[in-house]
Amino acid sequence: MAVEPLIPPETVPPPPTKAVYGGFAYFKGAIVPFGEANVSIGTHALNYGTACFEGIRGYWNPEHQEIYLLKLAEHYQRFLKSTALLKIKLEENVERLCELTREIVRRDGYRTDVYVRPIAYKSSAMIKVDLHSSENAVAIFAMPMGAYSPIDGLRVTISSWRRISDNSIPARAKITGAYINTALATEDANAAGYDDCLMLTEDGHIAEGSAANFFMVQGRSLITPPVTDDILVGITRAAVMRLALDFELDVVERSIDRTEVYQADEAFLCGTGVQVAPIVEVDGRPVGSGRPGTITLGLQEAYFRAVRGADPRYRQWCTPVYGGIPRIT
Ligand SMILES: Cc1ncc(COP(=O)(O)O)c(C=O)c1O
């Protein structure tokens with residue numbers, strides 16, 4: 001089953017490998033030109049990774065002439081849980097962060113798919129490594145961004161790097177410093193010729209992809225690691241689990257052995273960045289037929305319709321940027 005993109009792929013810019021930022025940013029309590037949003041090299045977060053972030057997609061719908069920000073409030077709810085873990089206190093609440101995000105994308109004026117990056121950080125120039133710094137800051141900026149990685153079939157390997165465990169650096173918070181774990185694993189996977197990798201928990205179960213959640217299909221069951229297996233509790237994961245109900249699939253959260261993946265009927269990664277990306281090969285072994293599976297493609301198609309505001313049942317996932325929004329002055 002081929003998935004018809006709602007807008008032709010050539011109109012969607014690829015992920016930036018270099019900074020292509022422009023437009024506006026929320027910085028030090030105001031919306032300013034992106035180039036004016038700069039931090040000191042002494043910033044605690046820059047030195048020690050004491051920051052947390054989100055990645056939020058906005059999908060352009062040419063028929064509606066609208067960008068829909070996907071699950072905006074859910075991202076900021078998770079953001080504030082991450083900030084609480086790092087003892088970063090912000091003045092902005094979820095509602096305010098959502099309003100600011102819409103305003104930045106609106107002022108940027110994009111008419112394409114976008115990616116929004118909120119980041120909250122320890123902003124003092126302090127040498128001591130703890131979480132007591134009195135100064136905290138939050139910034140938000142956006143950029144155009146299309147598909148982040150292939151959505152027509154990923155070749156992955158099992159990484160030799162283990163996923164960070166809850167008692168070292170909790171994966172359930174989106175902490176900047178923790179993404180060294182992702183970078184090490186992705187670097188090795190790409191250098192070995194793979195598109196991505198799966199990462200194991202310290203006790204050898206599948207945790208997730210380098211920056212995405214993992215699902216496998218066995219018969220009519222959609223199986224994914226539980227939230228206690230060192231995963232980021234993904235917002236796309238929850239969306240996929242909801243869509244699975246429409247396909248009358250059994251959704252099972254349980255630990256997954258490595259070799260179960262080799263024997264799965266289908267497998268895929270999902271996340272804000274990768275969207276819903278079928279896995280066709282693991283460590284040189286085809287997954288199922290070696291082509292994207294029908295259940296995966298069905299979920300992928302349903303996901304793309306929902307996120308562009310094309311499925312009225314999931315319109316509540318989509319926050320419009322341009323329509324009927326009060327201006328922030
Ligand atoms: C480590 C990790 N796991 C999973 C995900 C997927 O989470 P979400 O669907 O909320 O983007 C991400 C982010 O995209 C991630 O960085």
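Visitor: How many helices and strands are there in the protein?

Guide: In this predicted model, the protein has seven helices and 17 strands.

Visitor: What makes the radius of gyration of the protein agree with that of a compact globule?

Guide: A compact globule with 329 residues would have a radius of gyration near 20 Å, and the protein has 20 Å, so the two agree. Along the principal axes, the C-alpha atoms fill a box of roughly 55 × 50 × 30 Å. Buried residues make up 43% of the 329 residues, and of the contacts with a separation of 6 or more, 73% are accounted for by residues 24 or more positions apart.

Visitor: Which domains does the protein have, and what makes up the contact of domain 1 and domain 2?

Guide: The domain assignment gives domain 1 as 9-144 and domain 2 as 154-312, and their C-alpha centres lie 25 Å apart. The contact takes 25 residues from domain 1 and 14 residues from domain 2. On the side of domain 1 that touches domain 2, at least two residues each come from helix 1 (44-48), strand 3, strand 4, strand 5 (66-70) and helix 2 (72-85), and helix 2 supplies the largest share, six residues. That side of domain 1 divides into 11 nonpolar, seven polar and seven charged residues.

Visitor: Why is G55 called partly exposed?

Guide: G55 has 17 other C-beta atoms within 10 Å, whereas a residue is buried at 20 or more and exposed at 12 or fewer; because 17 falls in between, G55 is partly exposed. The place of G55 is in the loop between strand 3 (51-53) and strand 4 (56-61).

Visitor: Which residues is G55 in contact with, leaving aside its neighbours within four places in sequence?

Guide: G55 is in contact with Y115, R117, T272 and G273. As for L85, 30 residues from G55 along the chain, the C-alpha atoms of the two are separated by 18 Å.

Visitor: What surrounds the ligand?

Guide: The ligand is surrounded by 13 residues, of which the closest are G234, I235, T236, G271 and T272. Helix 5 (residues 235-246) gives the largest share of this shell, three residues. By class, the shell around the ligand divides into four nonpolar, seven polar and two charged residues.

Visitor: What is the mean pLDDT of the protein, and where is the pLDDT below 50?

Guide: The mean pLDDT is 92, and 92% of the residues reach 70 or more. Over residues 1-11, however, the pLDDT is below 50, and this stretch has 14 contacts in the model beyond near neighbours in sequence. The pLDDT also stays under 50 over residues 324-329, for which the model has five contacts beyond four places in sequence. Where pLDDT is low, the predicted coordinates should not be read in detail.

Methods: Residues are numbered from 1 along each chain as its sequence is written. This is a predicted model: local features need pLDDT of at least 70, side-chain atom pairs count only at pLDDT 80 or more; totals for chains, interfaces and linings use all residues. Helices (H or I, at least four residues) and strands (E, at least two) are DSSP runs, numbered from the N terminus. Two residues are in contact if their C-beta atoms, placed from the backbone, lie within 7 Å. A residue is near a molecule or strand if its C-beta atom, placed from the backbone, lies within 6 Å of it. Ala, Val, Leu, Ile, Met, Phe, Trp, Tyr, Cys and Pro count as nonpolar, Asp, Glu, Lys and Arg as charged, and the others, Gly among them, as polar. Domain bounds come from an automatic or database domain assignment. The radius of gyration is taken over C-alpha atoms; the globule rule is 2.2 Å times the number of residues to the power 0.38. pLDDT is the predictor's confidence in each residue, from 0 to 100.
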